[in-house]
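Hello,

Here is the structure I promised to pass on to you.

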Amino acid sequence: MTEEKLYHGNVGEYAVIFNGEGNLLLLRYQGQHEAMNGKWHLPGGRFDANDEAGKAIVREIEEETGLKNIEVIIPCSVSRWGLFNSKRYNVAFIAQVTGTPDVYLDPNECHDKAEWVTPAEAMTRTYTFPEKKAMVETCIAWAKKLEII
């Protein structure tokens, strides 16, 4: 199996992005999957055919939020997604905004709202999938250990 076939469509990269105040960015989903509408999500998505591991997340953040001043710190969580014995994986990264944290939501993307929330508030939100909440929880714990928040 080629590397392209292994990653393309089977690996998603997501970011728990912290601003200078220790808050993290959540996006509210509004798109074609009705069951997910109104629930919270992280910036990110699946690999494109020409993406490199660890770099797809930078592209996805910029596409979905308009943020260009992001420093990706460390991968902090890996989880499966999909049904049953899926061979699809999500990798979550801790990232920081290195400048102004102004978010621009692209109207062609599937999010209708962006919020910077405290870590405690993030844990009270309803996410598009249970593994997203687990990813947030793990990344918050790592961010505390690394003294990012």
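Predicted model: local features only at pLDDT ≥ 70, side-chain atom pairs only at ≥ 80, totals over all residues.

Residues are numbered from 1 along each chain as its sequence is written, and side-chain values use heavy atoms, with hydrogens and water left out.

Let me start with helix 4, residues 130-145 (helices are DSSP runs of H or I with at least four residues, strands are runs of E with at least two, and both are numbered from the N terminus). Its 16 residues should span 22 Å at 1.5 Å a residue, and the end C-alpha atoms are 23 Å apart, which agrees; the expected span is 1.5 Å times one less than the number of residues. Among its buried residues are Met135, Val136, Cys139, Ile140 and Ala143 (buried is under 20% relative accessible area, exposed over 50%, partly exposed in between, with a 1.4 Å probe and protein chains only). The helix's buried residues pack against strands 1, 2, 3, 5 and 6 and helix 3, where contact means heavy atoms within 4.5 Å. Just after helix 4, glutamate 147 has a positive phi of about 60°.

The largest nonpolar core has 19 residues, and Phe18, Leu24, Leu26, Ala122 and Val136 touch the most other members. (A nonpolar core is a set of buried Ala, Val, Leu, Ile, Met, Phe, Trp, Tyr and Cys residues joined through side-chain atoms within 4.5 Å.) Helix 4 gives this core its largest share, 5 residues. Apart from this core lies another, of 15 residues, including Leu25, Ile70, Phe93 and Val97. Leucine 26 has contacts beyond four places in sequence that include Trp40, Leu42, Ala122 and Tyr127.

Isoleucine 73 sits in strand 5, residues 70-81, and counts as partly exposed because its relative accessibility is 33%. Asparagine 37, in the loop between strand 2 and strand 3, is partly exposed too, at 22%. Not counting residues up to four places away in sequence, asparagine 37 touches Tyr29, Gln30 and Gly31. Its C-alpha is 20 Å from that of glutamate 63, which is 26 residues away in sequence.

Happy to talk any of this through.

Best wishes
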